[in-house]
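Me: I would like a close look at one part of this model. Please keep it plain, and give the cut-off behind each term.

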Amino acid sequence: MLKLTGIRRSYRIGPVTTEILRGVDLEVHAGDLMSIMGPSGSGKTTLMNIVGLLDRPTSGACILDGRDVSGLRDDELSALRNRHIGFVFQSFHLLPQLTALENVCLPLVYRGAGRPEMRRHAQAILERVGMAERTGHRPDQLSGGQKQRVAIARALVGEPALLLADEPTGALDADTAGEVMALLRQLNAERGITILIITHDPSVAGQCARQTRIRDGRLFEPKAAAADGA
Amino acid sequence: MSRTFSVLSANAREAAESLRRARLRTVLGLVGVMIGISSVIAMVSLGEIAREQARKQFEALGTDIVVVRKAVGSGAKAIDLPNALQVAAAVPSITEAAPRISGRGTFRFAGRKVGGGAVQGVTRSFASVNRLTLQEGRFISDLDADRYWCVVGAGVAEAMRGAGADRLAGSLLEVDEVLFTVVGVLDGKEESYALPVQVNANKSIFVPITTAQRIAPDPGVEVIIARSGAGVHYEAAVADIRSYFRRRAPDLGLDIVTAKELVARMEAQMGIFTLLLGAVGSISLIVGGIGIMNIMLVSVAERRAEIAIRRALGARQRDIRSQFLIESVILTIIGGMLGIALGLAATWTICRFTDWDFLISGLSVASGLGTAAAVGLFFGFQPAHQASRLDPIAGLQGK
């Protein structure tokens, strides 16, 4: 469903050109639960931005559902993000002025759904992530784990093909992190949702069926990674 | 269509909510626009009210008045009385003409001073041309030639009664040691300063024009006040009067002013005046608009992360732009409505102190609201555009 070939991304800062990604090839299949692990500065966030259609590669092809997205206009990319990609961020990125329910509704607003339909969907998905009791709370009234559950609900409400999680447990304590990871694995197992997790934490990566590493702008997929858990 | 509507209505709800949250900033922005709109409203309304006021003054006396004077600085002698008396009969576009010879005097009754003012030598037609009415007796008649008879204005009559006169008609009034017999008393009349000639009837006395010729320092006709016929264009009346005098007194220079011409000129002037006042008000509106722009720029800068999140969730650039535009337009429209209320209140207060008739100009209210929305769009566009062009990656990383 997602295929990257020869992805390069370089930034120019003044006279210096820095190459962050140096030819990344990656294929994600429907139903994958996959991790990309690497130290900071390895290019994992840049890769995630490209996969999430927020950034364009300097060269290389990015094919989403059989469609090359590299030449698309900004509006088309926005529509693709809205329909096909759900984001979960390390720092949750909920809008503080909106309730949990309203936050979850946002992707549907930009899809043009009617209000009652939006609220029904959002309510259902909040129930699924165990937040049925807190739909009217604002983010500052929620704990870290609860915020991340709301964020996951928001990422899933539009039924995207791919859920992109950037350090989803990075701001959580160990117990809460475990709960969030359990939720993601459940969603993958029960609903077949494709999940791509970016992390620097081996214990998070270890819970993924497919594990890859990124180093110096290149992606590696150790064949035996699943066995030893690192 | 439905997507646009869904996004716009969500944007409107959130814009209202966002304004409610940033309370102090919202109030400051409102005040700027409010002062701007209110000064435009007050200035334009006052301009219109002043124009309406002047127009009413003209209408009270009729806009068909034509005033003929000897041209200032023309070396020729004054307008000749016989020529002046025949204007109405000889010029077809003129229905009535009232020549006047003016002097001044001090009035005494029963040995006591009862005022001083104009001694106006007039004919019978002067009363009808100037819409003068009588409370007692009669006006000067054309058969009164050379008689020492007078009609007194309401102010003079009041003073005479104060000096002990119980019946004015028939009593004697001394004007600079010349005795006049009072034959009539005028009703009080408000002076219209908009007209090209002042009558000042209340403080004057009126005597037969031939009598005035004897006692006035300048025996020439000072002015002819005439009325043109119905449907006559003022330029035609002026041309007819000029050609009449060219035949009778070829070297006489004339200065002819018509009320219609004055009205037209005044309307043009008032138009400029209103425009000028509007321009002054607009300056404060521009200042208010810059305030809005400033506030919106701050708001955009504060909400970079929010904008980035929305973009990541699928908002297009134009969705972000409309969100901020709606916010600034809501802000300026509320400011505009408050400004209209404040502007009308200021206008009403000024009208109370100047005795003008307060009126609400629908045009100024409508244009006030329109202007407010336009200010919101114009000054909100740059911040909204800036918001829509923000890089979502930088916003998500908190840069």
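How many helices and strands are there in chain B?

Reply: Chain B has 13 helices and 10 strands, where helices (H or I, at least four residues) and strands (E, at least two) are DSSP runs numbered from the N terminus. Its radius of gyration is 34 Å, well over the 21 Å that the globule rule gives for 399 residues, so chain B is more spread out than a compact globule. That radius is taken over C-alpha atoms, and the rule is 2.2 Å times the number of residues to the power 0.38. This is a predicted model, in which local features need pLDDT of at least 70 and side-chain atom pairs count only at pLDDT 80 or more, while totals for chains, interfaces and linings use all residues; side-chain values use heavy atoms, with hydrogens and water left out. Residues are numbered from 1 along each chain as its sequence is written, and chains are lettered from A and ligands numbered from 1 in the order in which they are written.

The C-alpha trace of chain B spans about 105 × 50 × 35 Å along its principal axes. Chain B is divided into domain 1 (2–58 + 265–396) and domain 2 (77–252), with bounds from an automatic or database domain assignment. Between the C-alpha centres of these two domains of chain B there are 57 Å. Of the 399 residues in chain B, 50% are buried; buried means under 20% relative accessible area, exposed over 50%, and partly exposed in between (1.4 Å probe, protein chains only). Of the contacts in chain B (heavy atoms within 4.5 Å) between residues at least 6 apart in sequence, 80% join residues at least 24 apart.

Two residues of chain B stand out by their backbone. R131(B), in the loop between α5 (125–129) and β4 (134–137) of chain B, has a phi near 55°, a positive value in a residue other than glycine. R131(B) counts as partly exposed because its relative accessibility is 39%. E177(B) is not a glycine either, yet has a positive phi of about 70°. The loop that holds E177(B) runs between β6 (172–175) and β7 (178–186) of chain B, and E177(B) is exposed, with a relative accessible area of 72%.

E14(B), in helix α1 (residues 2–21) of chain B, counts as buried at 16% relative accessibility. Leaving out residues up to four places away in sequence, E14(B) touches L98(A) and L106(A) as well as R310(B) and Q323(B).

Those contacts lead over to chain A. Helix α6 (residues 174–191) of chain A has 18 residues and reaches 25 Å from its first C-alpha to its last, close to the 26 Å expected at 1.5 Å a residue (1.5 Å times one less than the number of residues). Its buried residues are T176(A), A177(A), V180(A), M181(A), L183(A), L184(A), L187(A) and N188(A). They cover an arc of only 150° around the axis, which puts them on the same side of α6(A); the arc is that of the directions from the helix axis to the C-beta atoms. On the other side of α6(A), A174(A), D175(A), A189(A) and E190(A) are exposed. The cover over the buried residues of α6(A) includes α4 (115–128), α5 (144–156) and β8 (194–199) of chain A. Just after α6(A), G192(A) takes a positive phi of about 70°.
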